[in-house]
Amino acid sequence: MLDNKDHQSSTVESIHKLNSYHYANIINLLRFLVIFLVIFLGGLASFLGYLVFKQNRSDLVYFATLDGTHVGIRKENPTNNSRESFEVENFAMRFIQDGFAHSENNYQENIERALTVMNNASRVTFKKLFSDDSLFQVYKESNGVTTVTVKRIVTDTASYPYKAEVYFQTDLKFLTGQGKIKTHSYHQGIALEIGSTARCSKNPYGLMITDLTFINHEEK
């Protein structure tokens, strides 16, 4: 028979072995969890990277030229100078001609064409000028016609939205009751903020007026 001392030593040894077994299991479990987390995070990072790559690819636009195919990145709201100043200048001048130069025969057509290149807020401001039929009545009853002469135009395409200030003169000519031609001349100024939009047959410039402000202007 084992004496009491040997029995205690055997018991302690058994407890050590049991603890070592549990520790080994815990270490193996932790090692498994670490490996699982590494694989999971790696897979998640790869999936997110794929989504980003796919989104970036969807924003690519390809241009075929004689020199080869080139890639351009589409931007919904461009903030760089992606337009030449003459484009904004010609667009603004076209708007002034449509909005302020008309007669009985093309009054409605010109106004509608001007409204096509404006957002809702700027349309409200613009329509206040023609809220009544007084001008059209002059056209109709007195064979009137309004012409526009652009005096000066200043554009800014370095920032976005683009900006243009147009100073112009309108000359309203009509027949008096005595059959004489009478002319009323007005000097006007308009400040425009202009954004990009899709090109179409009605808006070949691909520009849209997003803000319109009338400027007090007197010819010096």
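Residues are numbered from 1 along each chain as its sequence is written, and side-chain values use heavy atoms, with hydrogens and water left out.

Let me take confidence next, where pLDDT is the predictor's confidence in each residue, from 0 to 100. The protein has a mean pLDDT of 81, with 75% of its residues at 70 or more; confidence is highest in α2, at 95, and lowest in strand β2 (residues 68-73), at a mean of 58. Over residues 76-81 the pLDDT is below 50, and this stretch has five contacts in the model beyond near neighbours in sequence, a contact being heavy atoms within 4.5 Å. Where pLDDT is low, the predicted coordinates should not be read in detail.

Back to α2, then. Its buried residues are E87, V88, F91, A92, F95, I96, D98, G99 and F100, where buried means under 20% relative accessible area, exposed means over 50%, and partly exposed lies in between, with a 1.4 Å probe and protein chains only. Among the elements that cover these buried residues are α3, α4 (120-127), β3 (145-156) and β4 (162-175), and β5 and β6 are included as well.

Now the charged pairs. A salt bridge is a side-chain nitrogen of Lys or Arg within 4 Å of a carboxyl oxygen of Asp or Glu, and by this rule the count comes to five. One of them joins R199 and E87, at 3.7 Å from N to O, and it links distant parts of the chain, since R199 sits in the loop between β5 (181-196) and β6 (207-215) while E87 belongs to helix α2 (residues 85-100), 112 residues away. R199 is exposed, at 52% relative accessible area, whereas E87 is buried, at 18%.

Within α2, D98 and R94 form a salt bridge with the closest N and O atoms 3.0 Å apart, and the two lie four residues apart, about one turn of the helix. D98 is buried at 3% relative accessibility, but R94 is partly exposed at 41%. In helix α3 (residues 107-116), E109 and R113 are likewise four residues apart, and their closest N and O atoms are 3.4 Å apart in a salt bridge. Salt bridges that share partners join R94, D98, E109 and R113 into one network.

Finally, the aromatic rings, where rings of Phe, Tyr and Trp (its six-membered ring) pair if their centres lie within 6.5 Å, and planes under 30 degrees apart count as stacked, over 60 as edge-to-face and the rest as tilted. The structure holds eleven such pairs. One of these is Y107 with Y139, edge-to-face at 5.9 Å centre to centre and 65 degrees between the planes, linking helix α3 to helix α5 (residues 134-142) across 32 residues.

Notes: Predicted model: local features only at pLDDT ≥ 70, side-chain atom pairs only at ≥ 80, totals over all residues.
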